[in-house]
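Trainee: I should like to learn how to read a model of this kind. Could you take me through its features in order?

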Amino acid sequence: MASFVPMRIELPRCDQVADALSELLDGDLDGPVAMRVEIHLATCPPCARLARELAATVAALRRRGRRAGRGPR
Ligand SMILES: [Zn+2]
C-alpha cells in the first residue's frame, strides 16, 4: 500500500493531528511539524474534513472576537 513514500519522515497519527490542528491554525507549529500534519491531511480525508471545520470555526471566532472587542459604537 505505502509503496511510494516521497520522504522518510514519521507521519503523525490521527489523534496527534487533531491535537496539532489548533496550533497549526494559529501558526504555532514549526515548519517541519506543520508539513507532516499537512501531509497527513492530504492522505486522510476524515482529518482533512476536521481541519476544514476547525479552520472555519477559528475564523468565525476571530471575526466575532474582533467585533466584540471594538463594540457597536
Ligand atoms: Zn487522520
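The dialogue below goes from the overall fold to single residues.

Mentor: Let us begin with confidence, since this is a predicted model. The mean pLDDT of the protein is 82, and 78% of the residues score at least 70.

Trainee: Which of the elements has the lowest mean pLDDT, and which the highest?

Mentor: Helix α3 has the lowest mean, 85, whereas helix α2 (residues 31–43) has the highest, 91.

Trainee: How many helices and strands does the protein have?

Mentor: There are three helices and zero strands. Read from the N terminus, the order of elements is α-α-α. Of the contacts between residues at least 6 apart in sequence, 56% join residues at least 24 apart.

Trainee: How does one check the length of a helix, taking α1 as the case?

Mentor: One compares the expected span with the distance between the end C-alpha atoms. Helix α1 covers residues 14–26, and its 13 residues should span 18 Å at 1.5 Å a residue; the end C-alpha atoms are 19 Å apart, so the two values agree. Helix α1 also bends, by about 35° at Ala20. After the helix comes Gly27, with a positive phi near 80°.

Trainee: Which residues make up the largest nonpolar core?

Mentor: The general idea is that in soluble globular proteins, nonpolar side chains tend to be buried together. Here the largest nonpolar core consists of five residues: Val17, Leu21, Val37, Cys47 and Ala51. Two or more of these residues come from each of α1 and α3 (45–70). In the protein as a whole, 8% of the 73 residues count as buried.

Trainee: Why might residues such as these, spaced along a helix, share a face?

Mentor: An α-helix has 3.6 residues a turn, so residues three or four places apart point the same way.

Trainee: With which residues is Cys47 in contact, leaving aside its neighbours within four places in sequence?

Mentor: Cys47 is in contact with Cys14, Val17, His40 and Leu41. His40 lies in helix α2, and its own contacts, counted in the same way, are Leu11, Pro12, Val17 and Cys47. Although Pro12 is 28 residues from His40 along the chain, their C-alpha atoms are separated by 7.1 Å.

Terms used:
Residues numbered from 1 in each chain as written. Helix = DSSP H or I, 4+ residues; strand = E, 2+ residues; numbered from the N terminus. Buried ≥ 20, exposed ≤ 12 C-beta atoms within 10 Å, placed from the backbone. Contact = placed C-beta atoms within 7 Å. Expected span 1.5 Å × (residues − 1). Bend = angle between axes of the 7 residues up to and from the residue. Core = buried A, V, L, I, M, F, W, Y, C linked by C-beta atoms within 7 Å. pLDDT = per-residue confidence, 0-100.
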